[in-house]
Amino acid sequence: MAAELQPSSYQDYMLNQQQKSRSHQIVKAVTAVTAGGSLLVLSGLTLAGTVIALTIATPLLVIFSPVLIPAVITVTLLILGFLTSGGFGVAAITVLSWIYRYVTGEHPPGSDQLEHARMKLGAKGREMKDRVEQFGQQHTS
């Protein structure tokens, strides 16, 4: 009878571990999409803002200033806007790449620190839960 229960409990244990692993991967994927998507949106907004500012500022500078000053300002704004937009795009792709490697099981640089921090936060959460339970038991009795 005990031999029959042991494989079943092992199967239950393995099923439980697989479910935990799946939910952990889902949380990682949602985090990746959120971080990467927000950086890509920021990149796009910066690019759009640069184009709008350039469209508005160029005619005003041409009308109210000599020709060379607005040209220098316009080119400077254009270059800075595109560099900033490109930088945000590269940052977004880098973050998505890092998170993809982390989710697929590779260990990119810094993943050990992330796991250590996750473990510390989990331990603190459990510690606080125990303290709250003890506090509740003291005040109910």
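These legends go with a handful of close-up views of a predicted model.

Local features here need pLDDT of at least 70, side-chain atom pairs count only at pLDDT 80 or more, and totals for chains, interfaces and linings use all residues. Numbering starts from 1 along each chain as its sequence is written, and side-chain values use heavy atoms, with hydrogens and water left out.

**View 1. The overall fold is a run of helices.** The protein has three helices and zero strands, giving the pattern α-α-α along the sequence. Helices (H or I, at least four residues) and strands (E, at least two) are DSSP runs, numbered from the N terminus. Of the 141 residues, 11% are buried. Buried means under 20% relative accessible area, exposed means over 50%, and partly exposed is in between (1.4 Å probe, protein chains only).

**View 2. Here is the largest pocket, with about 230 Å³ of space.** Val27, Lys28, Thr31, Tyr102 and Leu114 are the closest to its centre among the 13 lining residues. Two or more lining residues come from each of H1, helix H2 (68-103) and helix H3 (111-140), and H1 gives the most, with six. By type, the lining splits into seven nonpolar, three polar and three charged residues. As for the pocket itself, a 1 Å grid is laid over the protein atoms alone, and a pocket is an open set of points where a 1.4 Å probe fits, with protein on both sides within 12 Å along at least five of seven lines; lining residues have an atom within 4 Å of a point. Points are joined across faces, edges and corners, and the volume is the space filled by probe spheres set on them.

**View 3. A nonpolar patch sits on the surface, made of Leu47, Val51 and Phe82.** Together these residues have about 240 Å² of accessible area, computed with the Shrake-Rupley method and a 1.4 Å probe, with only the protein chains shown counting as cover for residues. Patch members have over 30% relative accessible area and no salt bridge, and nonpolar side chains (Val, Leu, Ile, Met, Phe, Trp, Tyr) are joined within 5 Å. Leu47 belongs to helix H1 (residues 2-64) and counts as partly exposed because its relative accessibility is 33%.

**View 4. Arg118 and Glu115 pair up in a salt bridge.** The N to O distance is 2.7 Å; the cut-off is a side-chain nitrogen of Lys or Arg within 4 Å of a carboxyl oxygen of Asp or Glu. The two residues are three apart in helix H3, so about one helical turn separates them. Arg118 is partly exposed at 38% relative accessibility, and so is Glu115 at 23%. The whole structure holds three salt bridges.

View 5. Lys124 meets Glu127 at 3.8 Å, N to O, three residues along the helix. Glu127 also meets Arg131, at 2.9 Å, N to O, this time four residues apart, about one turn of the helix. These salt bridges share partners, joining Lys124, Glu127 and Arg131 into one network. Glu127 is partly exposed with a relative accessible area of 30%, while Arg131, also partly exposed, has 48%.

Conventions:
Patches are made of residues with over 30% relative accessible area and no salt bridge: like charges are joined within 9 Å, nonpolar side chains (Val, Leu, Ile, Met, Phe, Trp, Tyr) within 5 Å. Ala, Val, Leu, Ile, Met, Phe, Trp, Tyr, Cys and Pro count as nonpolar, Asp, Glu, Lys and Arg as charged, and the others, Gly among them, as polar.
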